[in-house]
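Welcome! Here is a short tour of a structure that may be new to you. Have a look at it first, and then read on.

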Amino acid sequence: MVETLVEPDAAAPVLDVRDLSLRFRGFDRDLLSGLRYSVRSGETLCIVGESGCGKSVASLALMGLLPPTAVEIGAADVRFCGEPLDLGDQARLRSLRGASMAMIFQEPMTSLNPAFRIGDQIAEAVMAHSGATPAEARERAVAMLRKVGIPAPEERLNEYPHQLSGGMRQRVMIAMALVNDPALLIADEPTTALDVTIQAQILDLIRDLQAETGMATIMITHDLGVVAEIATDVAVMYAGTIVEAGPVERIFNDPQHPYTIGLMSSVPRLSGPRQRLTTVPGTVPTPQTMPDGCRFSTRCPFARPVCATDPPEREFGAGHRALCHFAPLETMLERSA
Amino acid sequence: MLSFILRRILIAIPTILLISVFVFSLQKLLPGDPVLAMAGEERDPEVIAFLREKYRLNDPIPVQYAHWVGNAVRGDLGMSLRTNQPVLELIGEKLPVTIQLATMAMIFAMGIGIPAGILSAVRKGTVTDYVANVVALSGLSIPNFWLGIMLILLVSVKWQLLPASGYVPFADDPWRSVQVMLMPAFVLGTALAATLMRHTRSAMLTVLTSDYVRTARAKGLSERRVILKHAFRNALTPIVTLSALLFGELIAGAVLTEQIFTIPGFGKLVVDAVFNRDYAVVQGIVLVTAVGFIVMNLLADVAYVLLNPRLRSQT
Ligand SMILES: Nc1ncnc2c1ncn2[C@@H]1O[C@H](COP(=O)(O)OP(=O)(O)O)[C@@H](O)[C@H]1O
Ligand SMILES: [Mg+2]
């Protein structure tokens, strides 16, 4: 079992998505198109974007959690810990899931199985990937519950999910995800469903655990305040494409894509009040209404006829890139003046 | 838990009383006079008067009812007008036969219906799912008597593998007893298997899209464990509830199958009693059946609570 755990290669990113395109069967346009992002050990990549733009689908695809019968993966050039990862290889993905790549979800109230004790649910994750005895797995579960800040873990172990609050359940989910010390954690809006006061605690917890274990983290969030606080890098997603990506300071201080600019316009800089991503007028196109060329063109104030063709990817150094005919920003402002 | 069961039993009492009133009055409203039937061709007025007195048929109806209920509570359901045996004894003789038949039918139904339901949910939209649904639909629409006769023709007459009819008490020769009942149990079980399959399928489909099943997969558990442990455990509640209720129906519904395979069970008792206007027996049977239904309902409720940790801790 141990050979399935991948030793992190210090030089390579933990997760390196070089190209990822997929569609749900029955649709004739790709839902995700040419995604590219990577995250290194100890770093945090924040993926931001409006609801429905494909953030969850992308993460689930990487974890192998989309039903193979429902999706068609067009392109998938993905490396995990320096090795190619075949998203069609169910057996390999299963051996990685919960062991070297873990995921926590948006809905702590429904993500735990209501029929089983939380201790057993965590211990099960340990036993699935090692030869640990039930007693050893239980011990790991207690230690992990203590680590995620659950008081009296020996007793809590025997409780059922309904006996815990939402915040506690998310802590249990985190304990379950991290119990095998994964190299990568994908957190899909882990605080969206929680009270504001609890949100900060959960984020702090994830940050502390990351500092301790050095895992790479992908944080999916709506909350630009969270991004400013924890991100090393940011990927801005729009309608299944990454329209802009780069180091967090670049994205906040020098956004290049009109969509990012729209998002940032209400957030002064790296500080200031938290903002939700609702500042750009209009709605995300569905696969049926997806325009040709630039997917943002239907809402872009700078859109020109040329936007009906695929936009080029422009690089601005330090890994900062944007997908737009008119980037960098200066070009755009000149033309619209 | 105990107080929950007691509470449920208390709630059942008015139901049983209501059923007893219904059973008793239906009896009185039915055409045909049992005494005339018993008195035979001559209809001797003295014999008729004697019988009326003996069975208290001259008392006002509420008095007759009170008397009947009073006796019933003490386990005295009266005497069969026909065989002069105590009704309870008759039922006690025939009921175990039918319970054995129903239990075996239930094993068939669950053994076929639940795995088929799980499989067709997991393979939703595939050929497997389609075939399972077509078979289930045929299982529901093939009449029991036809299936029974076909089985007798094939298995007993043509291949001579199993006896076509009869009954061997389980206590006398368990192996032979089970063997003899194999075919009728299968016939009775198939229609239920179809019902169970469809319910299992829909319960599993709901559960398979739940967040906790996704979590189980995210842990890297095998697909088998995800389906049989994490999903099935949560689909179990409606399945167990349904099974308990179906079992009650099985006992009542065994009549036809018992006739086909000439099994001396509850079904035969019902048919004989109704045709002979053996009122006491009919009353007893209806009452016992009703109580049986209520008990199965109670068991279904208890199972429902036991299967749900949240409810379990509240009761
Ligand atoms: N099973 C599915 N079949 C077809 N479309 C789907 C399915 N699941 C998700 N989608 C579509 O994928 C898009 C992206 O969803 P999602 O990744 O959940 O967005 P978000 O960025 O909010 O996480 C949505 O528009 C949704 O309609
Ligand atoms: Mg999402």
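## A record for chain B

We begin with an annotation: an unreviewed UniProt entry lists residues 95-300 of chain B as "domain: ABC transmembrane type-1". UniProt positions are given here in the numbering of this structure, feature names are shortened, and annotations may be inferred rather than shown by experiment. In the model, this span of chain B is 83% helix and 0% strand, and its end C-alpha atoms lie 21 Å apart. Helices (H or I, at least four residues) and strands (E, at least two) are DSSP runs, numbered from the N terminus.

A few words on how to read all this: the model is predicted, so local features need pLDDT of at least 70 and side-chain atom pairs count only at pLDDT 80 or more, while totals for chains, interfaces and linings use all residues. Residues are numbered from 1 along each chain as its sequence is written, chains are lettered from A and ligands numbered from 1 in the order in which they are written, and side-chain values use heavy atoms, with hydrogens and water left out.

## Around ligand 1

Which residues are around ligand 1? They are A:F24, A:F27, A:L31, A:E50, A:S51, A:G52, A:C53, A:G54, A:K55, A:S56 and A:V57, each with a heavy atom within 4 Å of the ligand. By class, this shell holds five nonpolar, four polar and two charged residues. Here Ala, Val, Leu, Ile, Met, Phe, Trp, Tyr, Cys and Pro count as nonpolar, Asp, Glu, Lys and Arg as charged, and the others, Gly among them, as polar. Helix α1 (residues 55-63) of chain A supplies the largest share of the shell, three residues.

A backbone N or O atom of A:G52 is 2.7 Å from a ligand oxygen, and for A:C53 the distance is 3.3 Å. A polar backbone atom of A:V57 lies 2.8 Å from an oxygen atom of ligand 1. The protein covers 60% of the 560 Å² of accessible area that the ligand has on its own, by the Shrake-Rupley method with a 1.4 Å probe.

## Cavities

A cavity is a set of points, on a 1 Å grid over the protein atoms alone, where a 1.4 Å probe fits but cannot get out; lining residues have an atom within 4 Å of a point. Grid points are joined across faces, edges and corners, and a volume is the space filled by probe spheres set on the points. There are five cavities of 30 Å³ or more. Of its 13 lining residues, A:T191, A:T192, A:T221, A:H222 and A:D223 are the closest to the centre. β8(A) gives the most to this lining, with three residues.

The second largest cavity has a volume of about 70 Å³. Its lining includes A:G98, A:M173, B:T215 and B:K219. α6(A) gives the most to this lining, with three residues.

## Two backbone details

Most residues other than glycine have a negative phi, and most peptide bonds are trans. A:A318, though not a glycine, has a positive phi of about 60 degrees; A:A318 sits in the loop between β11 (313-315) and β12 of chain A. A cis peptide bond, with omega about 0 degrees, joins A:A327 and A:P328. A:P328 belongs to the loop between β12 (321-323) and α11 (329-336) of chain A.

Key:
Polar contact = N/O pair within 3.5 Å; in protein donor to acceptor, adjacent residues only side chain to side chain. 1 Å grid on protein atoms, 1.4 Å probe; cavity = no way out; pocket = protein on both sides within 12 Å on 5 of 7 lines; lining within 4 Å.
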